[in-house]
Amino acid sequence: MADDRDPRFVPIKVQDGFAVIPDRWKVDFRVSAGELSRFYIELKENARLMGTRCPNCGSVYCWPRSWCKDCYVDCEWVEMSGKGKLTLCSRVEISLSDIQKEVPFFQGGVHLDGARYPVVVMLRPVEFEDLHVGMPVHAEFLPSEERTGRIRDFYFIPDE
Amino acid sequence: MNDRVAVMGVGNTPFKARHIDKTFPRLAYESVKAALEDAGATKEDIGSTVYAIYNDFFEHCAMPDLHIHYQLGLARKPGSRITCGGATGGYAVRAAVAEVASGMHDVVMVVGVEKVGDVANVFDMVKSITYAADPFFEASLGASPAGSYGGAILWHMENYGTTEEDMARVVVKNKGNARNNPDAQSPMEVTVEDVLGSPLIIYPLKILDHCLNSEGAATIILASEKAVGRFSSDPVWITGVGASTESGRQAERDDAGKSLFPAVRASALEAYEMAGVADPGSAIQVAEVYDSFSGVEICLYEEFGLCGWGEGVQFLTDGRADMGGSNPVNPSGGLIGGEHAIGATGVYQVVEIVRQIRGEAGARQVPHVTRGLAQSMGGARGAYSVSIVVEG
């Protein structure tokens, strides 16, 4: 049975004559999304996937970046279509994450239409064998009441 | 490099899953003491120290280097810390080489240490690594390091027909090599079938395809050419250092042709150019490389130019990477059989190549080594990489 006590106040253990000191780090954050805020707000409130475009070279970035790393000018917001092609897929059988606990789950790379780089996202195939690199996929969003403004709010499925 | 840089001393602790009898400063101290004795030096000879310690969580301390440095009796002398994921050790060696080559210090020590097992369980250990993900987007997926490497391996399978059996052969080789390394954590006689039958984590990677999590320390002592005479050991030279980076996001890569690990490729080419290596297949007589996962090692043969693109499996099955092959890879056992005390790894790789060149590698000695390669990488799919050419 798990011991839920704060380890910092649990007595030391002695193992093979050596002391083992239970300890814990716990840090909560309040992260400023700053210039990237619109991405999270549009995702949570309107189920829109936003990217940015460099007005100089035309590169479209999603995940968005507020400046172009090549041109060093500020980018402008654009809405992504949510359509793209699968570039990688993996089936996770043992989760080592406390964010995704249910296994198996599927993650992969998707190259969104028009975007310069692929992104890593959640996938929801019926079967892993249904996924093939290069296949067209599109984003589906969780219902409004389930969205939290993280990229877990959407997942990609193969086009019909 | 302005000045030539010699390795005058090497030392390490044994590597284990758990050193319950030692703290991380003690592990560091033991490797430092061994390296000083190896060089015929004392701590008073050390002008500056670079610490290779990857992750604050493993030492449960955000400035672990400070708490080692003072206890080594090195207060009032410069000490700094490098942290670059799995390439922490390689980047620390590079920083120390720069301190010597620039003429800033004649004698610089690199101390790599990690105490991975002090994290209470493997889930929290991996969680602490996932905190390296892009904090604004991908971190919220809870993706693990295995996923980032898995994508590259899947590409290799789809494009070159590499199989899970091929990858399992890397595990058989590296855990087998570890049997000749008394400091290795996981010497094992395993079969391809054992590997294929071990539990799947992320397709196609199984538990035995994974690198180890280790505790331990490694130290090297570098000296300028004019300071070499202060030591009792024979110099071994660092003749090439290459370092590179990529996006810290898993899938974000600019086109790199057939290179699956562009930062590795770039770091190798830079190191080769500095060392004057034109034909790696004949020049690199032994290599200690970052086999974070079995299939990665197959990709690395190609990235290092030990064979052509898509020829990694052939290179392996021909036995060229085996002990007794043309280019033995990971005679220490690598990260799969030897150790992966993360910050220490890139330092220990140099320790091993130095021992191979000196002819001090015991049962795992590769005959007549005059030149070897050490390479470490870290971050999502090798986003940091350092390649180091070492010569006798």
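**Core and neighbouring elements**

Reader: What does A92(B) touch, not counting residues up to four places away in sequence?
Author: A92(B) touches V50(B), Y51(B), A52(B), I82(B), V110(B), G112(B), G346(B) and V347(B); contact means C-beta atoms, placed from the backbone, within 7 Å. This is a predicted model, where local features need pLDDT of at least 70, side-chain atom pairs count only at pLDDT 80 or more, and totals for chains, interfaces and linings use all residues. Residues are numbered from 1 along each chain as its sequence is written, while chains are lettered from A and ligands numbered from 1 in the order in which they are written.

Reader: How many residues has the largest nonpolar core?
Author: That core has 158 residues, and A92(B), I220(B), L222(B), V347(B) and V350(B) have the most contacts inside it. Its largest share, nine residues, comes from helix α14 (residues 342–358) of chain B. Such a core is a set of buried Ala, Val, Leu, Ile, Met, Phe, Trp, Tyr and Cys residues joined through C-beta atoms within 7 Å; buried means 20 or more other C-beta atoms within 10 Å of a residue's own. Helices (H or I, at least four residues) and strands (E, at least two) are DSSP runs, numbered from the N terminus.

Reader: Why is α9(B) largely enclosed?
Author: Because 10 of its 14 residues are buried, α9(B) is largely enclosed by the rest of the structure. Those buried residues pack against β8 (236–245), α10 (280–283), α11 (294–303), β10 (371–378) and β11 (384–391) of chain B.

Reader: And what follows α9(B)?
Author: G276(B) does, with a positive phi near 75 degrees.

Note on methods:
A residue is buried if 20 or more other C-beta atoms lie within 10 Å of its own, exposed if 12 or fewer, and partly exposed in between; C-beta atoms are placed from the backbone. Two residues are in contact if their C-beta atoms, placed from the backbone, lie within 7 Å.
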